[in-house]
Every structure is written in C-alpha cells, then in structure tokens.
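User: I would like to learn how to read individual features of a protein model. May we work through some of them together?

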Amino acid sequence: MRVLVVENDRVTLLGQIGVALEEAGAEIEICRPHAGDAIPADETKHDAIVVMGGPQNARDDERHAYLPALAGLMRRFGDAEKSVLGVCLGSQLLARAYGAENRIGTAPEFGWCTVALTKDGAGDPVLSAAASSFPIFQWHSDTFTLPEGAVRLATNGAAENQAFRIGRAVYGTQFHFEASRAVVDEWVRTFPDLIPTLAPGWLEQRETLAAENGPSADATGLAIARAWVATIAAAETRRVA
C-alpha cells in the first residue's frame, strides 16, 4: 500500500491518520510543496493520496503557485478510482478540483466543535464509523460549496459542508479528525501567540475542554482514519481479484 501524503505547512502532524496508516503497513511518501518539493506528475506510483491542512486558502495561487497542480493531482487520483483524502485545506482543494466554489473567510471555527452526520453520512462506509453527533477539532476560516455529484456526509451551523464523498472513496473533511489531544498539545506549543487571536480565552479553558471532548474526539478520529484506510485495502483486493 503506497500512500502519498502532501503537507502544506511546516507543522503537519498526521496524528490518527498516521496511526491508521502504520497499522495497515502503508509505505508513506511525504511531499512538501510549500518547502519546494515538486508535485508528482501523476497518480501512477501511489495507491492513495492524503492532502493535509495549511494556512493557505485554496485559491491562493499567487503566493503558492503549486496549488492548481495539487488540485489537479487529487482529481487524477479520483478519476483513477484511487482513494483520496483531503483534510481542512485539503478538503477545500478537493472541492476546487471538482469545480466547486471556495468561500474565503466566511466560516471561522477553532477548537473542539460539534459535527453531525447527515442521513448519507450515517450510511457511509467511512463516516459511519463516527456517532451521529460528535465533537471534533476545527481550525479554519474558509469553506466551499458542495461539488456537483458529491454527497454531503457531515454538517454543522458554521460550515454546511463538513464532510463529503465523491464516487467510491474520494473524501474531504473540513474538520481535523487527525487531531488527537497530543496533536493539539503540539499546536499549542507551536502557536502560543496565534491561537489567542483566533479564539480569545481558549487557551485558559483548554484543559477543561480537552477533558470534556478529547477522549471522544480521539476515538472518533481514529475510527474514521481506519475506515478510510480500509478503502485503500478494498481497492487493492479488487485489483488482485
């Protein structure tokens, strides 16, 4: 199982996604285009792609010239019936890749927030690993319209399109289900001055919020990660058969 992971920031932690990939024995190749790595030309050397979050917006081509190529690569994986996962910025790029509108600065969320599954989400092979309503970590200001042909899987009041699927296994999640409490702790250590500007008072409440929401969010994140990784195994099994 060969998985391409694209990092869009200097502090990118795979968290629960990394745990699930390691459990599955995946061979992971990291691409860091924000640091100058070239975007692979096509999908042929990998069985799946994961595109993580970052401070860019999905249309910030002037400052991050690689974004159109990355969106195009995600679409190539999807068109090849390979598993795709976009998280936060990754979900926004995935929406762009499939012709949706990116809405910049219209949906700020930070911290553990409640997300609810839609009816389609409750029956989805990946999102059904979560409860009908669950706390999960958020860190974003942008959102997007639902791509044509996509199925909305999760929603909340801040961002209608919290998770969606296209085809068999092309998934985007606006929320950071990879963000275990250990990941959040690292973000707090790395961005002590930025976080208060996003959510005044949050740092002072962090321990209480983590105790209330962290165990459930950690378990939900790992369950979703394992379910998505299983879509790669399913594709591998089909090719062998």
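User: In which helix does L94 lie?

Analyst: In this predicted model, L94 lies in helix α3.

User: Is L94 buried or exposed?

Analyst: A residue counts as buried when its relative accessible area is under 20%. L94 has a relative accessible area of 0%, so the residue is buried.

User: Which residues does L94 touch, not counting those up to four places away in sequence?

Analyst: L94 touches M74, V84, F164, V170, Y171 and G172. As for distances, L94 and I30 are 64 residues apart in sequence, and their C-alpha atoms are 18 Å apart in space.

User: How does one find empty space in a model?

Analyst: Rolling a probe the size of a water molecule over the atoms shows where empty space is left. Here, the largest pocket holds about 550 Å³ of space. Its lining consists of 26 residues, of which G54, P55, C88, W139 and H140 are the closest to the centre.

User: Which elements each supply at least two residues of that lining?

Analyst: Helix α3 (89–97) does so, as do β6 (109–117) and β7 (133–140). By class, 13 lining residues are nonpolar, nine are polar and four are charged.

User: Is D218 buried or exposed?

Analyst: D218 is found in helix α7, residues 202–240. Its relative accessibility is 13%, and therefore D218 counts as buried.

User: What joins the side chains of D218 and R181?

Analyst: A polar contact of 2.9 Å joins them. Leaving aside neighbours within four places in sequence, D218 is in contact with Q16, A179, S180 and R181.

Note on methods. Residues numbered from 1 in each chain as written. Predicted model: local features only at pLDDT ≥ 70, side-chain atom pairs only at ≥ 80, totals over all residues. Heavy atoms only, no water. Helix = DSSP H or I, 4+ residues; strand = E, 2+ residues; numbered from the N terminus. Buried < 20%, exposed > 50% of the residue type's maximum accessible area, 1.4 Å probe, protein only. Polar contact = N/O pair within 3.5 Å; in protein donor to acceptor, adjacent residues only side chain to side chain. Contact = heavy atoms within 4.5 Å. 1 Å grid on protein atoms, 1.4 Å probe; cavity = no way out; pocket = protein on both sides within 12 Å on 5 of 7 lines; lining within 4 Å. Points joined across faces, edges and corners; volume = space filled by probe spheres on them. Nonpolar A, V, L, I, M, F, W, Y, C, P; charged D, E, K, R; others polar.
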